Amino acid sequence: VELTAPFDGTVAGLKVKGGESVTPGQIVVSIADFSGWIVKTTDLTELDVVDISEGQPVSITLDAIPDTTLDGKVQTIGQNYSEKQGDIVYEVTVELTESLPTMRWGMTAEVKFSK
């Protein structure tokens, strides 16, 4: 069987081997578009989120690459909240305007919001 994606990308993860059976709905491959990166922060408290706006510039430092700071901008601010260790927190999605070839999915980052 041939699988095709509705967009161009790179196979980032393959969950099955040739000849294995799969069930409907099972994830068999992850495809990524590495031409653009996003960072999601889920720990912005209700006290901090009111000072953030879409399009606002940010600086991102990856924990694995601490000597390099990347630029980005706020893409979206979540309207729904969640509770985390007793705080009300919101998800903010940041679009990076630059990237590094050594970046990988799942890396942790520090996000600083510019005023």
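This is a predicted model: local features need pLDDT of at least 70, side-chain atom pairs count only at pLDDT 80 or more; totals for chains, interfaces and linings use all residues.
Is Val11 buried or exposed? With a relative accessibility of 55%, Val11 counts as exposed, because the exposed class begins over 50%.

**Next stop: the aromatic rings**

Select Phe34, Trp37 and Trp105, and show their side chains. These three make up one aromatic cluster. How many aromatic pairs does the structure hold? There are 2. Look at Phe34 and Trp37: the ring centres are 5.5 Å apart and the planes meet at 35°, so this pair is tilted. That label follows because planes under 30 degrees apart would count as stacked and those over 60 as edge-to-face.

Now turn to Phe34 and Trp105. This aromatic pair is tilted too, with 6.0 Å from centre to centre and 45° between the planes. Trace the chain from one partner to the other, and you'll see that the pair links distant parts, 71 residues apart. Phe34 belongs to the loop between strand E2 (29-32) and strand E3 (38-45), while Trp105 belongs to the loop between strand E6 (87-96) and strand E7 (109-113).

Trp37 is buried, at 12% relative accessible area. Phe34 comes out as partly exposed, at 35%, and Trp105 is exposed, at 51%.

**Then a glutamine in a loop**

Go to Gln56, in the loop between helix H1 (46-49) and strand E4 (57-62). What lies 2.9 Å from a polar atom of the Gln56 side chain? Zoom in and you'll find the backbone nitrogen of Ser53. Now show what surrounds Gln56, skipping its neighbours within four places in sequence. The contacts are Asp51, Gly72, Lys73, Val74, Phe113, Ser114 and Lys115.

**On to helix H1**

Glu46 is your next selection, and this residue lies in helix H1. Its relative accessibility is 42%, so Glu46 counts as partly exposed. Which residues does Glu46 touch, leaving aside its neighbours within four places in sequence? They are Ile88 and Tyr90. Try the distance tool on the C-alpha atoms of Glu46 and Tyr90: they are separated by 7.2 Å, although the two residues are 44 apart along the chain.

**Last stop: the salt bridges**

Side chains of opposite charge can pair when their charged atoms come close. A search of the whole structure turns up 2 salt bridges. For one of them, select Glu91 and Lys40, whose closest N and O atoms are 4.0 Å apart. Glu91 is in strand E6 and Lys40 in strand E3, so this bridge ties together parts that are 51 residues apart in sequence. Glu91 is partly exposed, at 35% relative accessibility, whereas Lys40 is exposed, with a relative accessible area of 52%.

Finish with Lys112 and Glu110. They form a salt bridge as well, and their closest N and O atoms are 4.0 Å apart. Glu110 is partly exposed, with a relative accessible area of 41%.

Methods. Residues are numbered from 1 along each chain as its sequence is written. Side-chain values use heavy atoms; hydrogens and water are left out. Rings of Phe, Tyr and Trp (its six-membered ring) pair if their centres lie within 6.5 Å; planes under 30 degrees apart count as stacked, over 60 as edge-to-face and the rest as tilted. Buried means under 20% relative accessible area, exposed over 50%, partly exposed in between (1.4 Å probe, protein chains only). Helices (H or I, at least four residues) and strands (E, at least two) are DSSP runs, numbered from the N terminus. A polar contact is a pair of N or O atoms within 3.5 Å; within protein, one must be able to donate a hydrogen and the other to accept it, and residues adjacent in sequence count only if both atoms are side-chain atoms. Contact means heavy atoms within 4.5 Å. A salt bridge is a side-chain nitrogen of Lys or Arg within 4 Å of a carboxyl oxygen of Asp or Glu.
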